[in-house]
Number of protein chains: 2
Amino acid sequence: MLSLLALCARIASGALTPEDAIALVRDAIAECEPAVGAFASLDPSPVVPRLGPLAGIAVGVKDVIDTAHLPTGMGSSIYDGWHPRADAPAVARLRALGAVPLGKTATTAFAFLDPAATRNPRAPGHTPGGSSAGSAAAVAAGMLPLALGTQTGGSVIRPAAYCGVVGVKPSFGLLPTVGMKCFSWTLDTLGLFTAGVADAAYALALMTGRPDLDRVAAGHAPRIGVVVPPFCDAPEPEGMAALRRAAAAAEGAGAIVSDLDLPNVFAEAFAAHGAIQDFEGVQALRWEYDSHRGALAPMLRAHLDAARSVTPPVYDAAMRVAREARGRSSSLFDDVDVILTLPATGPAPAGYGSTGDSRFNRLWTLLGVPCITIPVPGAGLPLGVQVIAGIGMDGAALQAARFVETALTAHLDGPPG
Amino acid sequence: MLSLLALCARIASGALTPEDAIALVRDAIAECEPAVGAFASLDPSPVVPRLGPLAGIAVGVKDVIDTAHLPTGMGSSIYDGWHPRADAPAVARLRALGAVPLGKTATTAFAFLDPAATRNPRAPGHTPGGSSAGSAAAVAAGMLPLALGTQTGGSVIRPAAYCGVVGVKPSFGLLPTVGMKCFSWTLDTLGLFTAGVADAAYALALMTGRPDLDRVAAGHAPRIGVVVPPFCDAPEPEGMAALRRAAAAAEGAGAIVSDLDLPNVFAEAFAAHGAIQDFEGVQALRWEYDSHRGALAPMLRAHLDAARSVTPPVYDAAMRVAREARGRSSSLFDDVDVILTLPATGPAPAGYGSTGDSRFNRLWTLLGVPCITIPVPGAGLPLGVQVIAGIGMDGAALQAARFVETALTAHLDGPPG
């Protein structure tokens, strides 16, 4: 994979020019893209800024996020050839930092469940996950050092786990969702894919103008609460094994690890996610449904057909539960710095008919808390764990994620000294 | 003015066809528009549905809200000739109800402060207010029975008061802001302009699929708390006189009227509005600022130049205050059903250099509570009062607003019996 920080270091040292770095990425794309299918479109003649902390960094932009210079297709024929007037603020910000939005990455239609054509570069024959399939796959294949995704259920965290990359879903509202195709204004969150946690921390600190997101207190061992939500169906053995391996590695490196129970309001919040997503999705996609129902991808069409039965009182009740759970979410972190849990049920499912299951993501998306997928090294299909902190504690989440990532790498090399 | 309900009744009775009703509106526009300048564009050949509860109802759509069939200009040359692919969900919903989005209404550039070219049909030589200038003026001039506006500071409530029409800013999130040009995702709210409160209640109930918003418990006299926020500079005498007249009329009609003080957290929330609007506005308009700064309207450009100095810690502190105040806002309604306060400092200021002052709106926008402007009949320039209920209590706000509106009309005819 391409480490954003490693590329930045080579550019800063003069070993690479920004143009060289973009050329390197374009070569990787030329080589890998035919087998992966991560891109919806590519800029054939990118302008490469010479200045800025991200000069020379190529970025993939999920194709539900507006770009002025490239079409924005939403993964749907309804938006064939559509060119927004403006870049989404997150894209404009990346440009101002010197980055090059080099291509749009494949998305499931309107970031829902109908699979994109993308293949999982780390798990041949298995889904890359969704909905941010192209962004996860492009980073996993070493085609990009940074890609933007979006999450309404589990669309950043899950494909990151399936593809063996780092995925970051920051706190709700930390990155603007302006210029991103809305599915649910209560849930939609913009996120990042990178090779490592430090790469993501560096990018997120720059994108938000919050340098403290990229400051690490050296040697700080976090208090970790391990959560296996009892209200989700049981995870697969491989998923549980990865979680246990990560917890053991963190404990071995000095973290204080304990099990954490979730009060009942969080089970209710988990159940409330669907009504909120459905009720808001029906509204957000009203023009598409009313004017182009026949052209909607089949799973989305069937879902919207059914979702129209969610009434305002059902939605209002779900929103009350969500507010209550959000209000109480900080209490989960009274005695731990972060939660460690599964990012998905297990490895990427075989085949391309499904993007997998978001049941280990929906509660955390609803709570708006920062979530990070860390790959768990091992033989076989990629697996990951998910590190979660309280809302607004993105720095703590990144720091603990880096700790676990380091512990897992050391763990590979033998027990920590 | 054109009453939506009166038009609907004439259509339902067969006295008017939907086509006739649209022709009537087009005639009014042909007559009044040259002097008012309420429209950014008009559909030259509208398709008029024959069915639906709003069949025959022409709607004006503020030109920061996406429409597929008409350009969306944002009040800025940067968006000259821009055609979105989709209708905003609110527009698509109105179409599904049978309404005809007949034209885009003039807006200040990106819904900020640089005045639009619209004139106040009820106050020659005076501003119609902003930013939803065209929507307020079109309803005031009898050119439209319904128009959509948006409010981030006071952009629905204030122009409604200046133009002598009903303006409704519903609870935050009740109407989707999807497809509306974002200025501040924490504050932006979609609202309505109509001739009377009942017209707005009917439209809002249909648009939201919440029939209870249009149900009135006959004869229910509300408990009203009169608020003159001490942290706003003093209102003008005409504004205070209108507030007193409305309170007296409501009391005369049986309402229980008392004065209400605002706890200090609401003064802090009032002060926090600016940092939130500024910080989010800089992000929301990043592409426009980075790529087209020279083409931005001058007040907006100068404001964004300055707003860039709002740091993440200042924003975070403002958001903490906002959350605290929102959490405590329901306690304002422990002993009253609604608040009655000023919608603006007084009548529309003379001249066209300013759209007026939003200081009597910003707190309520930040709290996300439903707000309704009711015209206060009288000689001279239009004046209004603002009725406010707790968040999610839009039905209570509409019902109390209708009570006050009726009381004010009866008051004109002499003391209530």
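The same surface serves both copies, since 100% of the contact residues of chain A recur in chain B.

This is a predicted model, in which local features need pLDDT of at least 70 and side-chain atom pairs count only at pLDDT 80 or more, while totals for chains, interfaces and linings use all residues. Residues are numbered from 1 along each chain as its sequence is written, chains are lettered from A and ligands numbered from 1 in the order in which they are written, and side-chain values use heavy atoms, with hydrogens and water left out.

Consider next the interface between the two chains. Contact here means heavy atoms within 4.5 Å, and 33 residues of chain A are in contact with 33 residues of chain B. The size of an interface is often given as the accessible area lost when the parts come together. Buried area is that accessible area (1.4 Å probe), summed over both parts. Between chain A and chain B about 2500 Å² is buried, and carbon and sulfur atoms give 57% of that.

Which residue of chain A forms a salt bridge with B:Asp316? The partner is A:Arg210, with the closest N and O atoms 2.7 Å apart. A salt bridge is a side-chain nitrogen of Lys or Arg within 4 Å of a carboxyl oxygen of Asp or Glu. Two salt bridges are found across the interface of chain A and chain B. The side of chain A that touches chain B takes at least two residues from each of α3 (89–96), α8 (264–284), α9 (286–292) and α11 (312–329) of chain A. Helices are DSSP runs (H or I, at least four residues), as are strands (E, at least two), numbered from the N terminus. The residues of this side comprise 18 nonpolar, six polar and nine charged. In that grouping Ala, Val, Leu, Ile, Met, Phe, Trp, Tyr, Cys and Pro count as nonpolar, Asp, Glu, Lys and Arg as charged, and the others, Gly among them, as polar.

Within chain A there is a further division. The domain assignment, with bounds from an automatic or database source, gives domain 1 (4–262 + 328–412) and domain 2 (264–320). Their C-alpha centres lie 25 Å apart. The contact takes 30 residues from domain 1 of chain A and 26 residues from domain 2 of chain A. About 2600 Å² is buried between these domains, with carbon and sulfur atoms giving 75%.

One salt bridge is found across this domain interface. A:Glu288 forms a salt bridge with A:Lys181, the closest N and O atoms being 2.6 Å apart. On the side of domain 1 of chain A that touches domain 2 of chain A, α11 and α12 (362–367) of chain A each give two or more residues. The largest share, four residues, comes from α12(A). This side of domain 1 of chain A divides into 18 nonpolar, seven polar and five charged residues.

Over all chains, the whole structure holds 20 salt bridges.

Technical notes. Buried area is the accessible area (1.4 Å probe) that two parts lose on being put together, summed over both.
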